[in-house]
Amino acid sequence: MSFKRLSILAAFSVFFLYAVLIASLLYFYREGFFIRTLLSERTLFSVKLSLYTATIATAISIAVAIPSAYALSRFQFKGKRTIDTILELPMIVSPAALGAMLLIFFNNPIGMWIQKTTVQFVFAVNGIILAQFVTTAGIATRLMKSVLDEIPTRYEEVARSLGATPAKAFITITLPLSRNGIIAAAILSWAKALGEFGASITIAGSMAMKTETIPIAIFMRLASADIEGTVALILILAVIGLGTLYVARLLKGKKSRA
Amino acid sequence: MLEIRNLTVSVGIFSLREVSLSLPDGQCHIILGPTGSGKTLLLETIVGFKRPDTGSIVLDSRDISSLPVEARGISYVPQDLALFPHMTVEDNIMYGLKILKNTQHKELVGDMIETLGIRYLLNRSVTNLSGGEQQRVALVRALAIGCKRLALDEPFSALHETMKTELWFIILNLMRKYNLTIYMITHDLEEAFFLGNTVSILINGRLLQTGTNREVWYNPQNIEIAKFLFIRNLFNGEVLAVDENTATIKCPELNTSITVNRNKRGLALKKGDAVTIGIRPANVLILEDRKINDKYENVLYGRVAEVFSKGDYHILHFVPEEGKTIIEIEIPDTVFCSHCITKGKKTIVSVKRGHIILI
């Protein structure tokens, strides 16, 4: 078998692994029950909450990731290596541990003071956004850094020799050149935030119709042995997540061909 | 006038050491050196991308060493040109003017666009341009803001010879028309001595020589520079005699004595001094037997040991009679054919004393 065929086979084997997992859900699929579950007030609340928190968390992540990644990509400064390493924290520490760290933080005097003077995070929607932000910020920064690393500094240097300040050169040259990378980082961060469970449930709890995102709802249904409900919610999560990623890739592909 | 005073700049383990230069306005200044000599680092320090460790850069009596790039008034064209790929040709050209909110130079830009013949490209994407078109756009973009000083980082190194020569003329034309001062780095000798009013030789982070185009070409200060300036024939010798204008050098390697003009280096020569003489391959003449007379200087008899072809030119390895070395000779195809030169042929050569360089 040629190398090309072998590599294509490997790609398909990964696809089949996920496809089989999704297809196995259909064993418990009941059409009437699925529609009822989909249209129920509780599910719609979960969908809305998930979309809302994932979007806000992604927006904050990208807003923080762009300048951070720029600093890591372009400048040499003390502590750069430490920052670069700590970006992997969400991938090294389990999401539940990350949530526990947040919970512990808000139980120390500084955390309590923050909650008292600003907004409530523990057992609240803000906690979900914070958990999703903490989980995605590192990944978004890492993705943005690799995008910025690919853009030669020469463009900014030339822009500066033509009169642009460093900030103006960044806004007029580097930012537009990294547009596709920003979109890709935002999509992946959003998808990661949408499926985030461990950190969210640890800090925000699992309160129906309050902090119940789709992943938390799946957990709650499974805990009460509601397999059909679990299947319905997993399918909803998969359709929303994969559908959004697919459409975004389609649009990006069309734009780069234009 | 741009003055570089005792400039030292380090990047990693490499450093430029104590570079001092005075570069008057309205001229093309070439910084010439082999790859890895620190040319780009020097240019980037002048433009402002690198900060000097010590020393200063003074422009029109004002120390600009700590000024940011955008405040120095030196436009920059890098080796890869760095045309902004997300913009059209027109947007690239107008970038500086938009940033500076400058509306006064639009007429000047229009004139430059006409001079370089790129009006038909204005609405095109820069990603669809040929190498020569990209060069022209980069030049107009750099000059559009009305800047009189231009820093060029080997901008023609990737171009075909024909296009390169065409752009050399364009650069000289722009320089005269808009009274520009150009600081350009290159490793190309032909380019350097075609464009440069002054040439500075930078090798291994040290500025070895600076002077006018002719001074540097005809009076390399040491063997390292001579080798870099393609003086392929270098022979050690001893001064036998000196008079007012000439010196006679005994060259054991050539088994003969050579008469040379006393250049700057030769002024201090006295009998018995050890010297090195240099001869460029293109400055060796092939003589015919019947034409030999007293008007020919430094005549050597020998034979052609090797022949190499180089397009319209031929490289010969000439071995003098009783000599212990070879002389490399470069002759055009017409001379090669008219003398019916072949490997092993007995040949007579001559070198004018004015073409022999004392080092």
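Guide: Ile104(A) sits in helix α6 (residues 95-105) of chain A; helices here are DSSP runs (H or I, at least four residues), strands likewise (E, at least two), both numbered from the N terminus. This is a predicted model, in which local features need pLDDT of at least 70, side-chain atom pairs count only at pLDDT 80 or more, and totals for chains, interfaces and linings use all residues. Residues are numbered from 1 along each chain as its sequence is written, chains are lettered from A and ligands numbered from 1 in the order in which they are written, and side-chain values use heavy atoms, without hydrogens and water.

Visitor: Why is Ile104(A) called exposed?

Guide: Exposed means over 50% relative accessible area, buried under 20%, and partly exposed in between (1.4 Å probe, protein chains only). Ile104(A) has 61%, so the label is exposed.

Visitor: What makes Val20(A) exposed?

Guide: Val20(A) has a relative accessibility of 54% and therefore counts as exposed. Val20(A) belongs to helix α1 (residues 3-25) of chain A.

Visitor: Why do Glu44(B) and Lys50(B) count as a salt bridge?

Guide: The definition asks for a side-chain nitrogen of Lys or Arg within 4 Å of a carboxyl oxygen of Asp or Glu. For Glu44(B) and Lys50(B) the N to O distance is 3.2 Å, so the pair meets the rule. Glu44(B) is buried because its relative accessible area is 8%, while Lys50(B), at 26%, is partly exposed. Both residues are also linked with Arg154(A) and Glu157(A) in a network of salt bridges.

Visitor: How many salt bridges does this rule give over all chains?

Guide: The count comes to 26. Another of these pairs is Arg149(B) with Asp60(B), whose closest N and O atoms are 3.2 Å apart. Arg149(B) lies in strand β7 (residues 149-153) and Asp60(B) in the loop between β4 (54-59) and β5 (62-63) of chain B, so the pair ties together parts 89 residues apart in sequence.

Visitor: Which of the two is buried, and how do you know?

Guide: Arg149(B) has a relative accessible area of 11% and is therefore buried. Asp60(B), at 45%, is partly exposed.

Visitor: What makes β15 and β18 of chain B edge strands?

Guide: Two strands pair if DSSP finds at least two bridges between them. The open sheet of 5 strands has the order β15-β19-β16-β17-β18 (chain B), with antiparallel pairing. In that sheet, β15 (285-287) and β18 (327-332) each pair on one side only.
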